[in-house]
Amino acid sequence: LDEYMAIFKDPQNVSVIFSSAYANNPASMFGHSFLKINSGKRSDLTEIGINFSAYVPKDDNALTFMYFGVAGGYRGHWATENYYTMINTYVQGENRDLWEYELNFTPQETRQFLYYLWELETNSYFDYYFFDENCSYQILAAIEAVKPEWEITGHTIYVIPGESVKNLFIYPETVKKVSVRPSMVRQVLQKYEALDKNERREFFNLIKGEKVEKPSALALETGMVYFDYLNIKKEGKLSEADKRRQMDLLSQRAALGPQPQLQARLKPIEPETRPDLGHDSYSVHLSQTARQRADRYGAGSTTNFKIKSAYHDLMDNDLGFKKYSHIDFPAVEFQYDSDLKTVRLNEMTAVSITSLPPMNFLSYAPSWKLDSGIYTARDYGCLNCRHVFFELGGGASSNVFNSRYLLYTLATARG
């Protein structure tokens with residue numbers, strides 16, 4: 001225990017960290033949450049993070065992972081990790097934003113919290129359930145163990161990391177401060193979007209290694225951040241030519257000296273993925289139709305009732321969610337026919353995912369779509385003909401004019 005507590009130096013309080021969604025990994029498409037122990041150091045890069053995760057054997061395939069993840073077939077363990085390693089994984093490696101929610105813990109409560117986690121880490125494990133007893137639930141339960149007056153573990157059917165963060169705001173005194181560490185892509189784009197037309201030309205010439213007479217400080221800084229991003233993307237294996245270009249930019253920028261006025265040109269990074277500001281995950285749809293003339297079914301009306309439990313649609317407000325992404329998991333629609341006096345299943349979505357990352361000079365990630373479920377086939381004039389379907393496709397997306405407008409194309413195959 002003494003060795004464990006020594007890792008944290010002088011712990012002062014606790015932060016819950018939320019990592020924004022990563023649609024290219026099914027295990028991370030709802031985001032992820034973990035803990036950071038704050039010791040009041042000058043840089044939080046030297047702090048310690050605590051993570052709850054399932055131990056998954058390396059040879060498990062996607063179907064095995066899905067089955068055991070849902071059925072509680074994996075063991076969930078607490079583990080400590082250097083916070084800078086987590087930053088490398090999420091912010092740099094996977095280009096995800098990290099939102100930090102600093103809790104209103106006293107130093108004494110923080111130490112009690114660490115004692116509790118130490119007991120769990122060394123003496124026990126939990127069955128890991130993807131839908132409810134997951135990383136987010138266990139974090140809330142651990143907080144409740146130290147602060148029982150904060151009843152924050154309540155949930156209906158499942159616990160989504162982004163939804164669990166909202167539970168921290170049930171009581172106004174729970175969260176002391178909210179801050180963000182933006183992804184590397186957003187850091188590069190923040191500087192790039194501040195460049196004027198001439199500076200953008202300078203930037204592209206600089207990263208190509210072409211000579212530029214008296215480049216602006218902001219063009220140089222954008223190039224420096226770009227090479228940082230490129231180094232991470234290539235897993236630290238920059239070419240010798242790129243390394244020379246990076247060092248050349250560093251020396252040119254250092255020669256210009258401090259220029260604090262540059263900060264005023266940068267637009268603040270918007271809190272677009274801050275989860276506690278996002279819409280709720282449940283959604284109910286009600287629609288009514290009427291047949292005013294007789295047809296093969298006769299005159300009458302239908303009432304459609306649809307419920308989606310998770311989690312975000314392309315037509316929804318993107319605040320708090322990954323932009324240009326769509327996840328239904330699952331959704332079901334029932335239909336009532338007034339003339340037949342019957343209720344039937346009209347459609348059921350098992351899982352539906354659309355990811356439309358816009359291509360730019362930083363990323364050429366493809367767009368893709370996956371859709372599966374059951375639907376009522378109208379082709380045969382049959383009210384009770386249902387088909388199981390599966391749809392998969394890929395393509396490309398690009399912003400036009402600005403980031404508010406997206407043009408995309410997908411080629412899909414449906415069975």
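Reply: Axes are lines fitted to C-alpha atoms, for helices over the stretch in contact, and angles run from 0 to 180 degrees between N-to-C directions. Helices (H or I, at least four residues) and strands (E, at least two) are DSSP runs, numbered from the N terminus. This is a predicted model, in which local features need pLDDT of at least 70 and side-chain atom pairs count only at pLDDT 80 or more, while totals for chains, interfaces and linings use all residues. Residues are numbered from 1 along each chain as its sequence is written, and side-chain values use heavy atoms, with hydrogens and water left out.

Me: At what angle do helix 8 and helix 9 pack, and how far apart are their axes?

Reply: Two packed helices are described by the angle between their axes and the distance between the axes. Here helix 8 (residues 197-208) packs against helix 9 (residues 217-233) at about 45°, and their axes are 9 Å apart. Helix 8 is therefore oblique to helix 9, since angles under 35 degrees count as roughly parallel, over 145 as roughly antiparallel, 65 to 115 as roughly perpendicular and the rest as oblique.

Me: Which residues of helix 8 meet helix 9?

Reply: Contact means heavy atoms within 4.5 Å. Glu-199, Glu-202, Phe-203, Leu-206 and Ile-207 in helix 8 meet residues of helix 9 including Leu-218, Tyr-226 and Phe-227.

Me: Which residues have the most contacts inside the largest nonpolar core?

Reply: A nonpolar core is a set of buried (under 20% relative accessible area, 1.4 Å probe, protein chains only; exposed is over 50%, partly exposed in between) Ala, Val, Leu, Ile, Met, Phe, Trp, Tyr and Cys residues joined through side-chain atoms within 4.5 Å. The largest one has 33 residues, and those with the most contacts inside it are Leu-35, Ile-50, Trp-78, Phe-113, Leu-117, Ile-143 and Leu-168. Helix 5 supplies the largest share of this core, 6 residues. Apart from it lies another core of 26 residues, among them Tyr-192 and Tyr-226.
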